[in-house]
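Please consult the sequence and the structure shown here while reading.

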Amino acid sequence: MKINQPAHSVSRPILGNGSFLLAYQLKGKHVLVIGGGREAAIRTFFALDASANVTVVAPPENRHPAVEQRINSGLVRVLDRKFQEEDLELRWNDSTEGHAVDMVLCTIDDHQESRKIALLARAKRIPVNCADIPELCDFYFMAQYRNEELQIAVSTNGGGPRLGARIRNAIVENMNPATPKAVSAVAKIRSGIREISSGKSSEEIKKRMGWVSRFCDTWSIEQLASANDSDKIEKILREFESGRDVPSPPVVNTKVARLNTNLPVFLTSYWWCPSSMGYFAWIQTVFSYSYMIVMQLIYLFYIHFKLLFVIKGNLGERKNVKIKEQEDKRTVDTFESGTPKKVKVGESSKTSSIEVGRNISSTGTETLPEINVDRSTSPIKKELNTQGTFTLVSTNEQASNSETINTLDKQTSPVGRHSKGISTEMVDKDVGTLPPTPIEKSTLTDQIAPCISIDQSTSPGAEQLMDEAPIPGFDNFLSTRYFAQPGMIYLVGAGPGRPELLTIEALMLIKTADYVVSDRLIPQEVLDVIDAEKLELSSFKVGGASDKAQDESNQKCLDALKEGKSVVRLKTGDPFVYGRGGEEILYFREHGFVAKPISASNIPVTHRGVADQVLILTGRGQKGAFPSIPEFVETRTTIFLMALARIQPLIELLYVQGYPEHLPCAIIEKGAWVVGQKVCKGTLSTINELQIAQGIDNPAMFVVGNAVVALD
Ligand SMILES: C[C@@]1(CC(=O)O)C2=NC(=C\c3[nH]c(c(CCC(=O)O)c3CC(=O)O)Cc3[nH]c(c(CC(=O)O)c3CCC(=O)O)/C=C3\N/C(=C\2)[C@@H](CCC(=O)O)[C@]3(C)CC(=O)O)/[C@H]1CCC(=O)O
Ligand SMILES: NC(=O)c1ccc[n+]([C@@H]2O[C@H](COP(=O)([O-])OP(=O)(O)OC[C@H]3O[C@@H](n4cnc5c(N)ncnc54)[C@H](O)[C@@H]3O)[C@@H](O)[C@H]2O)c1
C-alpha cells in the first residue's frame with residue numbers, strides 16, 4: 001500500500017474528523033481511575049506504564065485481580081468506595097504541592113453516573129475518557145503494543161476497536177523482530193549526540209539532525225539493532241565527535257545478512273573498524289558475500305527452469321509430462337478452456353460418472369449434454385445416467401487453460417469408501433517431481449477425499465453426500481499452504497491411529513512430501529495412506545533399542561533434507577506428547593533445518609529430561625470453584641483450561657502449593673485455534689502483567705512448568 005504524502009505536502013487532502021494522535025506525556029501527573037473492573041485494570045496499566053501517579057476509586061467488591069494486585073503492591077492509591085464529586089479536587093499525596101487531577105478515566109458500569117462524571121470533569125476542564133460514552137471522551141484509547149522504547153498504537157476512531165486490535169496484531173506479527181532493539185539503539189545514539197552537540201544554533205541543529213537521519217536511513221533494522229551495545233554506541237559517537245559522517249553499516253550475521261546492505265560501502269569500510277573487525281574477519285565476510293551472491297544466482301536459475309516448466313504444463317503443452325493411467329480410471333483427457341470439448345463416456349457399460357478438474361458449477365443436468373466450468377466454485381463429481389458424447393464449456397476466462405477430465409468407473413471408484421485412493425501422478429523425466437500446480441491440486445482432491453470419507457457401513461447415505469456435493473469449505477483446506485516444502489521437515493502426529501482421524505494438514509503433508517519416515521508403531525491402515533515408494537519404515541522401537549531407532553530415523557530424515565527433499569516424520573499420537581517432538585526440533589535445528597510440529601500444542605509438554613508427566617485441570621470448576629491444586633512437581637507440566645479470568649488468584653494458590661515464582665509459564669489465547677493464536681510467556685511472578693500488556697484475552701489456557709521454555 002502507498003504511504004500517504006507527507007503532512008507538509010500542499011496537495012495532501014484534509015479529511016477532517018480524525019483524532020489528533022499524540023504521545024501524551026503523563027510522567028508524574030495525577031490520573032484518577034474511576035471503577036475497578038477489567039477496563040480499569042487495562043487503563044491503570046497504561047497510566048502506570050507512562051509513569052503516572054494513579055488513584056483508583058472503586059468499591060472493594062469484585063475488583064479485577066489486576067487492579068487488586070496494583071493496589072496490594074502499592075503501585076496505586078485506592079479509595080474503597082464509589083466516586084464522589086470532591087474526588088476531582090484530590091491532590092496526589094494529599095498535599096497542596098501535589099498534582100491536582102490531570103486526567104479522569106471513567107470505567108464504571110453505571111451509564112447515568114458515567115455521564116455525570118464526564119460532565120463534571122469537563123466543567124473543571126480536566127481531560128476525561130468515559131469507556132462507555134465515546135461522545136463525551138476528550139480522547140480515545142488505542143490498541144497498543146510496547147517493547148522497550150517502541151510503542152505502536154492503532155486507532156479506528158471508535159469505528160471498531162476489536163478490529164483495531166487485530167490490525168495492531170497484524171502490524172506486530174509482520175514487524176521485523178529486531179525493531180525494538182533498533183529503536184533503543186537509535187535512542188541511545190541520538191541522546192549521546194545531543195550531549196556531545198548540545199548547541200541550539202541552527203547550524204548545529206541541522207548538522208546533528210542530518211547525521212541522525214542518515215544513520216536511521218542507511219542502516220538496516222538488523223544493523224541498527226546490532227549497535228545496541230555500549231561499546232558499539234561509544235564507537236559510533238566517536239565518529240560523530242570527530243566530525244566524520246555516519247559510518248558504513250556493519251555486516252550482521254553473515255548467514256542471514258540481507259542484500260539491501262550496501263555492499264560497495266562495506267567493501268571499502270575496512271578503514272573504519274579495524275579494531276572491532278580484524279583483517280581476517282573482513283576477508284571472511286567478503287567471501288561469505290560472494291558465496292551468498294553465487295547461491296542467489298543458482299537459486300534464480302532453479303526458479304527460472306521450474307517456472308518454465310510450470311507455465312508449459314499450465315498452457316497444455318504437456319509433452320514432457322507423463323500421465324499415469326490408474327486402474328480405476330477409464331479415460332484421462334485434457335480440456336482447453338474456451339474451446340468446447342466433446343467427451344465420450346459410457347464406452348463400457350460400467351462407466352457412469354464424470355469428474356472435471358476442481359471447479360464446476362453444475363448447471364448441466366444429467367440429460368443436458370452441457371456443463372459450465374467455473375473454477376471459483378468447487379470440484380464436480382457428477383453422476384450421469386446417460387451414455388454417449390457430451391460437451392464441456394469453460395465459462396471462466398481466468399481459469400487455467402487446461403483441466404484434467406477423468407471419467408470414472410462407478411463400480412471401482414473409491415469415492416465415498418475407504419480406499420487407497422486413485423492418483424494421477426505427473427512425472428517429468430527430465431526435471432524430476434513437479435511442484436504442486438493447479439492441476440495437481442485437483443488430483444489431490446481425488447487422493448484426499450477418499451481417505452477422509454465416512455465409512456458407509458456406519459453412515460448410510462455417505463456415498464451420496466460425497467458424490468453430490470463437495471465437503472463444505474473443504475476446498476479451502478486444499479490450499480497450497482499445506483503443501484510440504486523442500487528442505488523442511490514436518491513432525492506429523494498420526495493421532496489416535498485411524499486414517500479418518502488424521503488431521504487435514506497431516507494428510508496434505510503426507511500426500512505432498514517427497515519422503516515419509518514412519519515406524520511400526522503406526523497402524524497399517526494409516527501407513528496404507530502413504531504412497532509406498534516414498535515411505536521409509538524405521539526399526540521397531542523396542543525396549544533398549546529405542547534410542548538406536550530414534551538415531552536411525554533422525555539420520556534418514558537428515559539425509560533426505562540434505563538432498564533438498566520435503567520430509568514428513570510420521571509419529572503416533574501427538575509429537576509433543578511423549579513423542580520426542582521437542583528433541584527432534586532441537587536436533588534438526590542443530591543441523592540447520594527447521595522442523596515444524598503438527599501438534600495440538602506448541603509446547604512439548606513431555607520434553608524428556610524436563611517433564612515426565614502432564615496434568616490437565618479446569619481453571620474454573622462447578623459454580624466457579626477453583627480446582628484442587630496439585631502440589632508442585634519439578635518435572636510436571638500443568639495445564640489449566642479457561643484460567644485467564646482469575647489468573648492472579650490461581651497463581652497465589654500455586655505459590656501455596658510450593659510453585660516457585662521463577663517457574664516458566666505461558667498463557668495461550670485461542671489454544672485450540674491456530675489462526676489468531678497468541679502466546680505470552682513469562683514466569684509465575686511476571687505472567688499476569690505480561691498478559692495484560694500484550695492484550696491476551698479469553699479463551700485462554702495457562703501452561704505451567706519448565707517445558708514451556710524447552711525449545712527457546
Ligand atoms: C483500543 C481499545 C483500548 C482499550 O480499551 O484498552 C479500545 N477498545 C478496545 C477493545 C474493545 N472495546 C469494546 C470491545 C467489544 C467489542 C466491540 O464492541 O467492538 C472491545 C474488544 C475487546 O474487548 O476485545 C467495546 C466498546 N468500546 C467502546 C465502547 C463504547 C461505545 O462504542 O459506545 C464499547 C462498548 C460498545 C457497546 O456498548 O456495544 C469505545 C471505545 N473503545 C476504544 C478503545 C475507543 C475507540 C478506539 C478505536 O476505535 O480505535 C473508544 C471509543 C473509547 C475508549 O475506550 O477510549 C481496546 C483494544 C483492545 C486491545 O488493545 O486488545
Ligand atoms: N471502551 C472500551 O473499550 C470498553 C470495553 C468494554 C467495556 N466497556 C464499557 O466500560 C464499562 C466498564 O467495563 P468493565 O468491563 O470494566 O466493567 P465491570 O463491570 O467489570 O466494572 C465496573 C466497575 O465499576 C465500579 N463502579 C460502579 N459504579 C461505580 C461508581 N459510582 N464509582 C466507582 N466505581 C463504580 C464497579 O464496582 C466495578 O468495579 C462498561 O460500561 C462497559 O460497557 C468499554
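**Glutamine 648 and its surroundings**

Leaving aside residues up to four places away in sequence, glutamine 648 touches Pro65, Gln69 and Asn688, where contact means heavy atoms within 4.5 Å. This is a predicted model, in which local features need pLDDT of at least 70, side-chain atom pairs count only at pLDDT 80 or more, and totals for chains, interfaces and linings use all residues. Residues are numbered from 1 along each chain as its sequence is written, and side-chain values use heavy atoms, with hydrogens and water left out.

- Glutamine 648 lies in helix H18 (residues 647–656); helices are DSSP runs (H or I, at least four residues), numbered from the N terminus.
- Glutamine 648 is buried, with a relative accessible area of 9% (buried means under 20%, with a 1.4 Å probe and protein chains only).

**Helices H1 and H2**

- The axes of H1 (residues 38–49) and H2 (residues 65–72) come within 8 Å and cross at roughly 40°; axes are lines fitted to C-alpha atoms over the stretch in contact, with angles from 0 to 180 degrees between N-to-C directions.
- H1 is therefore oblique to H2 (angles under 35 degrees count as roughly parallel, over 145 as roughly antiparallel, 65 to 115 as roughly perpendicular and the rest as oblique).
- Ala40, Ala41, Thr44, Phe45 and Leu48 of H1 meet Ala66, Val67 and Arg70 of H2.

**Confidence**

- The protein chain has an average pLDDT of 74, and 66% of the residues score at least 70; pLDDT is the predictor's confidence in each residue, from 0 to 100.
- The model scores ipTM 0.93 and pTM 0.50.

Technical notes. Chains are lettered from A and ligands numbered from 1 in the order in which they are written. Helices (H or I, at least four residues) and strands (E, at least two) are DSSP runs, numbered from the N terminus. Buried means under 20% relative accessible area, exposed over 50%, partly exposed in between (1.4 Å probe, protein chains only).
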